[in-house]
Amino acid sequence: DSGYAQLDIKMELEVIKQSLSKIIVLICDGWYSPAIFRQARDVGLMTNEYAWIVTDGIATQPIVLEENGTIPDYLNGLLGTRPTISLNSPQYKSLYNKFVTKFPGKRFNLGGYVLTLYDTIKVFADGLNLYYQENQNMESKEFYCHQNILNGEYQYWENGYKFLGALKRVDLDTGMTGHIQFDKMGWPRNVVYDVLNIQNQNFVRIGTWKLVSNELKLPYKAIYFDHS
């Protein structure tokens, strides 16, 4: 899309440079990132004095960083985070083989977005199964949330409340992004993120972060911009 390439944020990048900030976190539509990084390089923000960290939108689909089929050399040293992915798990290999069979000869990336969507659908399906094990039907109900909240009215959807309870009880040990469970509030219990570093023009895993213990492990060496 020509709109991505036409992005001009040099003024904003100059402000960042003048602020003396050395750690920069980039959260954006991944397709904007090549233009952002080219301009950051032009203003001097891609040296070993700086650390850039990208999130899921880029780290889960590194193809967005490519120029002429490869990640540019000046991006070696970029850091990133993404939901942990087990590329050796049977479920991942099965899904990958299905993609290859359905789209032969096409280049694709089973990144975090695809795998998280897969897990979401599986959790929803397992939640429905749990719901129908205990309930015969699910009646729909119309809500006008904004209007009702303004009027101080709250509507109760009994089937929806029961379904939410079923979703919280889902225990999926074959998730693409790991073992999926939820706490009583509905938050995922076993959140694990990979910490990545571009080395030799590829993202490699240098560590992990676990929510349950707030533990960050970085057992592997990272490189920085300018290959230092």
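Modeller: On the surface, I23, V25 and I27 make up a nonpolar patch, and together they have about 340 Å² of accessible area. The model is a predicted one.

Biologist: Why is I23 called exposed?

Modeller: The cut-off for exposed is over 50%. I23 has 60% relative accessibility, so I23 counts as exposed. I23 belongs to strand β1.

Biologist: Where does β1 stand in the sheet?

Modeller: The open sheet has six strands in the order β1-β2-β3-β6-β7-β8, with mixed pairing. At its edges stand β1 and β8 (215–217); each has a single partner strand, so one side of each lacks a neighbour in the sheet. On average, neighbouring strands of this sheet are turned by 25° against each other, direction ignored.

Biologist: How do you know that β3 and β6 are paired?

Modeller: Pairing requires at least two bridges. Strands β3 (residues 79–83) and β6 (residues 192–199) are joined by five bridges and run antiparallel, so the pair meets the requirement. Within this pairing, T81 lies opposite V195 in β6.

Biologist: Why is the contact between K10 and D42 called a salt bridge?

Modeller: The criterion is a side-chain nitrogen of Lys or Arg within 4 Å of a carboxyl oxygen of Asp or Glu. For K10 and D42 the N to O distance is 4.0 Å, so the contact counts as a salt bridge. Because K10 lies in helix α2 (residues 10–18) and D42 in helix α3 (residues 33–42), the pair ties together parts that are 32 residues apart in sequence. K10, D42 and R41 are linked in a network of salt bridges.

Biologist: What makes K10 partly exposed?

Modeller: Partly exposed covers values between the 20% limit for buried and the 50% limit for exposed. K10 has 37% relative accessibility, so K10 is partly exposed.

Biologist: What do E49 and K22 tie together?

Modeller: The closest N and O atoms of E49 and K22 are 3.4 Å apart, and the two residues form a salt bridge. E49 lies in the loop between α3 and β2 (51–54), and K22 in the loop between α2 and β1 (23–26), so the pair ties together parts that are 27 residues apart in sequence. K22 is partly exposed, at 34% relative accessibility.

Biologist: How many salt bridges does the whole structure hold?

Modeller: A search finds 10. One of them joins the side chains of E215 and K217, at 3.8 Å from N to O. E215 is partly exposed at 32% relative accessibility, and K217 is partly exposed at 44%.

Biologist: What makes α3 mostly covered?

Modeller: Seven of the 10 residues of α3 are buried, each with under 20% relative accessible area. The buried residues are S33, P34, A35, I36, F37, Q39 and A40. After α3 comes G44, with a positive phi near 90°.

Definitions and conventions. Residues are numbered from 1 along each chain as its sequence is written. This is a predicted model: local features need pLDDT of at least 70, side-chain atom pairs count only at pLDDT 80 or more; totals for chains, interfaces and linings use all residues. Side-chain values use heavy atoms; hydrogens and water are left out. Helices (H or I, at least four residues) and strands (E, at least two) are DSSP runs, numbered from the N terminus. Buried means under 20% relative accessible area, exposed over 50%, partly exposed in between (1.4 Å probe, protein chains only). Patches are made of residues with over 30% relative accessible area and no salt bridge: like charges are joined within 9 Å, nonpolar side chains (Val, Leu, Ile, Met, Phe, Trp, Tyr) within 5 Å. Accessible areas come from the Shrake-Rupley method with a 1.4 Å probe; for residues, only the protein chains shown count as cover. Axes are lines fitted to C-alpha atoms, for helices over the stretch in contact, and angles run from 0 to 180 degrees between N-to-C directions.
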